[in-house]
Every structure is written in structure tokens, then in C-alpha cells.
Amino acid sequence: MATENLELSGAKWAKKFPGSTDTKDLSGNFRLAVEDFIYTMQEAGIKVKINATFRPSKRSYLMHYSYRIAKNGYDPKKVPSMQGVNINWDHGSKEDSVKAARDMTSALDIQTLQTKPALRSQHNSGLAIDMNLSWGKTVEIKDASGNVVKINTLPRTGMNKQLIAVAATFGVKKYNGPGRDFPHWSNNGR
Amino acid sequence: MKKICLFLLLLLNFSQAFSAENSPPDVRKFIYNAGACEHLGGEYDGELPKEEKEQIKKDIEKYCGGAKSQFAVLKEKYKNNPTLLKRIKNNYNDTVDSYTK
């Protein structure tokens, strides 16, 4: 791509490819599964607050390379292009390129992160949702087959094992990989 | 031919599972931390609520920081064990490598 058609990197790029908190941006069957699960939780009196659903790969690309140029000394001339992102990382001098990348990391609020943001996650495929769940007392909830399940154990959050089992009947899996990720649910537990 | 391929695939899976279970505890812990770190690298986004961002940052410090410091120790400790060393290096991912205090 000719560089004259490209727009120089900088803070303004942070707003170009926003992430979503809407379930309609999730993919195919996973969207249906999540929407059914949320509906049944709300019917049971569980409060649902969605923090993130789909994140465009273009956003991850901007986060990843602005971070690497600003913080890891990555050469702006070597950043691979991405279809649909008409960005020019090279301002002609290293100093200007790094400054623009730093401005981007500030605007993207990743400047204090201690590692580079990954280029890919389940959110990029619309196959993950971050949500906070809470309820005040024992609730009765229907699983995907219509069986009523009484949730009478603690904690009253998304980490509740009974709720996690109900979610699985819909095809919504709590994060079960190494470490922890309290708000994260996906199609495969990752 | 199909049967041979299936057998080889099962053998490969078995040997991977076997070696994972039989790694020393410090290597298993490193692999766990490195995996958690890799996941977290894909989770952070400045658009998330403040509370979630802070939690991810804390966890990055714990898991990525843990894996990075373990890597240096394990590489030296198992330098004469090529199988383990390979396993350690294979699990040392970009997200761990990029971690800085």
C-alpha cells in the first residue's frame, strides 16, 4: 500500500475500532447460547453486567504494535500491515514514531500494562464474554433443558459452581484455563 | 494407513500427556503461570471497567512476572536435560517474554 494513502499513527487511532459490550456482536451459536443463558439468569433474579463481548482484531493490532513500538523498541518500519487499517507507523524519525506510539498507548489506556497486549483472543472471534454476575439470596434457575436448579451455595457471583454447571448446559463455559479470569466466559472455557 | 495415523496420533497425545504429568513440580508451575500469562495478554483492554483492568494488571504481575523469573532459574537448573529444557522453552511465550517490572 502506498504510504500517501496512509494516516500517521497517533492518539486519534484509539477510537477507530471500538470493542463491543453487546451480545449481538458475538458469533453464531455462541451468541444464541449467551443470550439464552443471560435471559434465564435475569428471569431468576441474577444481575448481569456485561463488560466486553467482541473485540475487533484491528483493535488488538493497534494495541499490540503501539505497545511494542512505545515500550519494546520495535522498529516502526517493520510493523506488518493489516487489511482495513490504513495506518503509517513510521513518522520519518524514530523519535516521532515512538512519541506517536506512546500517545496511542495512553489513549488506549495500555501504557501501564507490564506486557504487550496479545494479537489474538477468543474475544476477537466473538466467542467470549466478560460479565459480572450477582444475586442476593438463593435463586432458582432453569437450565437449557428446562430443569429448575436451586442455587443455594456461595459465592453469589460468576464463580459459583452450580451456576457454572447451568451455564455449561447452554454451551457457555466458564474460564477453566491456567490462572484465573473471574468475569470471562467463552465457547470452550478459554 | 488410517489406522497407523490414528495410532501415531494417539501415541503422540499419550506421550505429551505423560511428559506433562511427569514434569517436576517447578516446571509444571512455570507452565501453568506461562499459560495464565498468555491468556491475560489477550484479555486486557483499556475499554474495560476500572475494576477489571486493575484485576488483570495484578494477575499479569503475578503470572507473567512469576513465569519470567522462573524461566531464568529453570533454564539453568535443567540445562543438562534436553527434554525438559525443550518443554520449558516451548512454553515460554511472547507474552511472558514481553513482561517488564
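Trainee: How much of chain B counts as buried?

Mentor: Of its 101 residues, 35% count as buried, meaning 20 or more other C-beta atoms lie within 10 Å of the residue's own, with C-beta atoms placed from the backbone. Keep in mind that this is a predicted model, where local features need pLDDT of at least 70, side-chain atom pairs count only at pLDDT 80 or more, and totals for chains, interfaces and linings use all residues. Residues are numbered from 1 along each chain as its sequence is written, and chains are lettered from A in the order in which they are written.

Trainee: And how many helices and strands are there in chain B?

Mentor: Five helices and zero strands. Helices here are DSSP runs of H or I with at least four residues, strands are runs of E with at least two, and both are numbered from the N terminus. Along the sequence, chain B reads α-α-α-α-α.

Trainee: How many residues of chain B are in contact with chain A?

Mentor: 26 residues of chain B, and they meet 25 residues of chain A. Contact means C-beta atoms, placed from the backbone, within 7 Å.

Trainee: Which elements of chain B give two or more residues to that side?

Mentor: Helix H2 (25-41), helix H3 (50-77) and helix H5 (94-98) of chain B. H3(B) gives the most, with seven residues. By class, that side of chain B has ten nonpolar, eight polar and eight charged residues. Nonpolar covers Ala, Val, Leu, Ile, Met, Phe, Trp, Tyr, Cys and Pro, charged is Asp, Glu, Lys and Arg, and the others, Gly among them, are polar.

Trainee: Switching to chain A: at what angle do the axes of H2(A) and H3(A) cross?

Mentor: Roughly 130°, and the axes of H2 (57-71) and H3 (94-107) of chain A come within 8 Å.

Trainee: Last topic: what is the strand order in the open sheet?

Mentor: S2-S4-S8-S7 in chain A, with antiparallel pairing. Strands pair if DSSP finds at least two bridges between them. Strand S2 (47-52) and strand S7 (173-174) are the edges, each pairing on one side only.

Trainee: How many bridges join S4(A) to S8(A)?

Mentor: Three. The partner of Ile129(A) in S8(A) is Trp185(A).

Note on methods: Two residues are in contact if their C-beta atoms, placed from the backbone, lie within 7 Å. Axes are lines fitted to C-alpha atoms, for helices over the stretch in contact, and angles run from 0 to 180 degrees between N-to-C directions. A residue is buried if 20 or more other C-beta atoms lie within 10 Å of its own, exposed if 12 or fewer, and partly exposed in between; C-beta atoms are placed from the backbone.
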